[in-house]
Amino acid sequence: MTSSPGTPEIVILTGAGISRESGLHTFRDADGIWAKVRIEDVATPEAFARDPARVHAFYNARRRQLHDPGIQPNAAHLALARLEQARPPGAVLVITQNVDDLHERAGTRSLLHMHGELRRVRCEHCGARHLWTDDLATTTPCPACARTGGMRPDIVWFGEMPVGLEQAYAALARCRLFVSIGTSGAVYPAANFVAEAREGGAHTLELNLEPSAQASHFHEHRHGPAATIVPAWVEQILASPSQNR
Ligand code: BV8
């Protein structure tokens, strides 16, 4: 997580849809990841306990994909970084459910990876976290404690506690504008963020290819591909900064 000072005026939640036009698959679309593998086989602590080699293979393939030169931030990631740079430090917070690193590569600094990061691993024996670009195996020793068998992707699996919820809820309670981009609204607690922000008095905007499962909670919607509608929205905000919408 990259930290930032101050209370954000704008909180932006992103999901897999923002990275689709960069070449990464979403989860729940017809060609999505969960159409090919079952959550119960790769994205729960029970799956890892039962068959760690299979879980490593799933995340190794996705980590390797991030090194593909064809996978780059798209116009939506870049527009969000531009918005942050145009505002005072800490005024914009991006909370992402994505485990890719495309927001960082686009230049976003105030960023919370609530479901973890593909490029980080941690040791279940000693708790140490490490930046990691290679494959992981059941025989990989922890660089901190040297024990094997405990290294796992630093990913929040189903049934595990998301990262940084205290910071997220504090920001949602105080922000003036909440924007959700490219997420189906199917996974909690992120799916509840719009209701939290609205209760705190924020204006709420959904930017997605289609109405999400949470669409009825938003004040305003714009539908279309993220690489088109996000830059258009950012241009509008930057042209009239006092309105925040
Ligand atoms: C927790 C691993 C306790 C990372 C992921 C019953 C009711 C309510 C809740 C639960 C329940 N049973 C269980 C739960 C809790 C559970 C949950 O929500 N389950 C769901 C399935 C019901 N949640 C948890 O277990 C979480 N932990 O609850 O802890 C707690 C917490 C707080 C307070 C008290 C207790 C942990 C969840 C972590 C899950 N980890 N995966 C990985 O391998 O990558 S989730 C997985 O889904 C992804 O990681 C991703 O982060 C997440 C969300 O998916 P999206 O990003 O929304 O992607 P999706 O494909 O669904 O949608 C894409 C959207 O983009 C679509 O709308 C599409 O139209 C759009 N789109 C497509 N192309 C474009 C586009 N939009 C714009 N432009 C485009 N080009």
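Which helix is Asn-60 found in? Helix α3, residues 52-65. Helices here are DSSP runs of H or I with at least four residues, strands are runs of E with at least two, and both are numbered from the N terminus.

Quick housekeeping, then. This is a predicted model, where local features need pLDDT of at least 70 and side-chain atom pairs count only at pLDDT 80 or more, while totals for chains, interfaces and linings use all residues. Residues are numbered from 1 along each chain as its sequence is written, and side-chain values use heavy atoms, with hydrogens and water left out.

Back to Asn-60. That residue is buried, with a relative accessible area of 6%. By buried I mean under 20% relative accessible area, exposed is over 50%, and partly exposed is in between, with a 1.4 Å probe and protein chains only. Not counting residues up to four places away in sequence, Asn-60 touches Asp-135 and Leu-136; contact means heavy atoms within 4.5 Å.

Okay, the ligand. There are 36 residues around the ligand, and Phe-27, Arg-28, Glu-160, Thr-183 and Ser-184 come nearest. To count as near, a residue needs a heavy atom within 4 Å. By class, that shell has 18 nonpolar, 11 polar and seven charged residues. For those classes, Ala, Val, Leu, Ile, Met, Phe, Trp, Tyr, Cys and Pro are nonpolar, Asp, Glu, Lys and Arg are charged, and the others, Gly among them, are polar.

Now for the oxygen atoms of the ligand. One sits 2.7 Å from a polar backbone atom of Phe-27. There's also a 2.8 Å distance from a ligand oxygen to an N or O atom in the side chain of His-115. And a polar side-chain atom of Glu-210 lies 3.1 Å from a ligand oxygen. Taken alone, the ligand exposes 1500 Å², and the protein buries 77% of that; the areas are Shrake-Rupley with a 1.4 Å probe.

On to helix α6, residues 165-174. Its buried residues are Leu-165, Ala-168, Ala-171 and Leu-172. Looking down the axis of α6, they fall within an arc of 130 degrees, so they line one face of the helix. That arc is taken over the directions from the helix axis to the C-beta atoms. If you want the reason for the spacing, an α-helix has 3.6 residues a turn, so residues three or four places apart point the same way. On the other side of α6, Glu-166 and Arg-174 are exposed. The cover over the buried residues of α6 includes β1, β2, β3, β7 and α7.

Next, a pair I like. Arg-122 is in strand β4, residues 116-123, and Asp-154 is 32 residues away along the chain, yet their C-alpha atoms are separated by 5.6 Å. The two side chains are joined by a polar contact of 2.9 Å. Polar contact means N or O atoms within 3.5 Å; within protein, one must be able to donate a hydrogen and the other to accept it, and residues adjacent in sequence count only if both atoms are side-chain atoms.

Most residues other than glycine have a negative phi, and most peptide bonds are trans. Here, a cis peptide bond joins Tyr-188 and Pro-189, with omega about 5 degrees, and Pro-189 is in the loop between β7 and α7. Then there's Ala-146, whose phi is positive, near 70 degrees. Ala-146 lies in the loop between β5 and β6 and is exposed, at 57% relative accessible area.
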